[in-house]
Structures are given as C-alpha cells and as structure tokens.
Amino acid sequence: ADLARQRAITASHYRKALGAIIVYDLTQRQTFDTLNEWITSVKANSDPNVVIMLLGNKLDVCEADPKLREVTKEEGEKLAESFNTLFFETSATQDINVKAAFEALFQKIYEQSLKDRAITCLLYTSPSPRDQRGSRMPSSA
C-alpha cells in the first residue's frame with residue numbers, strides 16, 4: 001500500500017519534467033529488475049518528449065571488487081537501447097562520469113527543446129496570401 005501511494009505521488013511529479021534520471025545499483029540485481037516498471041511509468045505519466053537516462057551507480061565498488069557487480073554494463077546498455085534512453089555507469093562517491101552524465105542529459109534536453117521549438121514555429125507560421133484573401137478562412141458573415 002505504501003509503495004503504491006509513493007508511486008502515485010511520484011508520477012504526479014514528472015508530468016512536466018523535461019528529463020528523468022532513473023538510478024539503479026550495479027551491486028544489487030533487484031534494483032535493475034524494477035527498471036522496466038519505472039521507465040514505463042515515466043513514459044506513461046510525462047510529456048512524450050521527456051529525456052530519460054539510466055544510471056548504473058556504484059561503479060567504484062565494482063571496479064574495486066568485480067565480484068560485487070550483479071548487473072553487467074552490457075545489460076544496462078541493452079535495456080537503455082530498448083527504451084531509447086541515455087545510459088551511463090557512475091560513481092557518486094568517487095565522482096566518476098557524474099558530470100558527463102548530466103552534461104549528456106542537459107544536451108539532449110536542449111536538442112529536444114530546439115526540435116520542439118521548430119515544430120511550434122511550423123505550426124504558427126504566418127498565413128499564406130490565399131488565407132489572407134479568405135478563401136481558406138472561415139467567413140465572417
């Protein structure tokens with residue numbers, strides 16, 4: 001019940017989001033196994049153009065002791081590709097790839113906003129001479 005309530009509240013927060021970062025723990029398989037559900041939830045409850053990034057965290061732990069890694073980089077890349085999302089492996093404590101991940105997310109959001117702006121400009125172009133003569137405009141009578 002608490003998890004359902006938390007997810008309902010969370011869903012309301014990303015309705016107007018430009019980007020979403022979904023983080024999983026490279027040393028905990030169960031965090032990776034819930035990603036399909038989280039990505040689907042973000043896509044269902046946000047703008048269709050939201051930029052999603054998957055982050056596998058605790059890269060430093062995996063590099064220090066490879067036996068602790070429970071999710072391979074290839075698995076993360078494959079999932080990200082299947083959902084058309086960005087993907088990075090990071091270490092928050094050692095600041096590995098954190099800046100690069102955020103820069104990639106911001107760049108993609110910026111590119112998406114330019115694309116959206118171009119579409120908006122196409123939708124709001126000035127009327128053609130034919131429109132100004134009234135042949136395609138509703139009559140004012």
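Reader: Where does Gln 112 lie?

Author: Gln 112 sits in helix H6, residues 98-123. Helices here are DSSP runs of H or I with at least four residues, strands are runs of E with at least two, and both are numbered from the N terminus. A word on the background: this is a predicted model, where local features need pLDDT of at least 70 and side-chain atom pairs count only at pLDDT 80 or more, while totals for chains, interfaces and linings use all residues. Residues are numbered from 1 along each chain as its sequence is written, and side-chain values use heavy atoms, with hydrogens and water left out.

Reader: Why is Gln 112 called buried?

Author: Buried means under 20% relative accessible area, exposed means over 50%, and partly exposed is in between (1.4 Å probe, protein chains only). Gln 112 has 16%, so it is buried.

Reader: What makes the link between the side chains of Gln 112 and Asn 49 a polar contact?

Author: The term asks for a pair of N or O atoms within 3.5 Å; within protein, one must be able to donate a hydrogen and the other to accept it, and residues adjacent in sequence count only if both atoms are side-chain atoms. The two side chains make such a contact at 3.5 Å. Leaving aside neighbours within four places in sequence, Gln 112 is in contact (heavy atoms within 4.5 Å) with Asn 49 and Val 51.

Reader: Which pair is called edge-to-face, and what makes it so?

Author: Rings of Phe, Tyr and Trp (its six-membered ring) pair if their centres lie within 6.5 Å; planes under 30 degrees apart count as stacked, over 60 as edge-to-face and the rest as tilted. A search of the whole structure finds 2 aromatic pairs. Tyr 24 and Phe 32 are 5.2 Å apart centre to centre with 65° between the planes, making them edge-to-face.

Reader: Are Tyr 24 and Phe 32 buried or exposed?

Author: Tyr 24 has 1% relative accessibility, so it counts as buried. Phe 32, at 11%, is therefore buried too.

Reader: What is the pair of Phe 102 and Phe 106 called?

Author: Their pair is tilted, with 6.0 Å centre to centre and 50° between the planes. Both residues lie in helix H6, 4 residues apart, about one turn of the helix.

Reader: How do you know how accessible Phe 102 and Phe 106 are?

Author: Phe 102 has a relative accessible area of 36%, so it is partly exposed. Phe 106 reaches 52%, so it counts as exposed.
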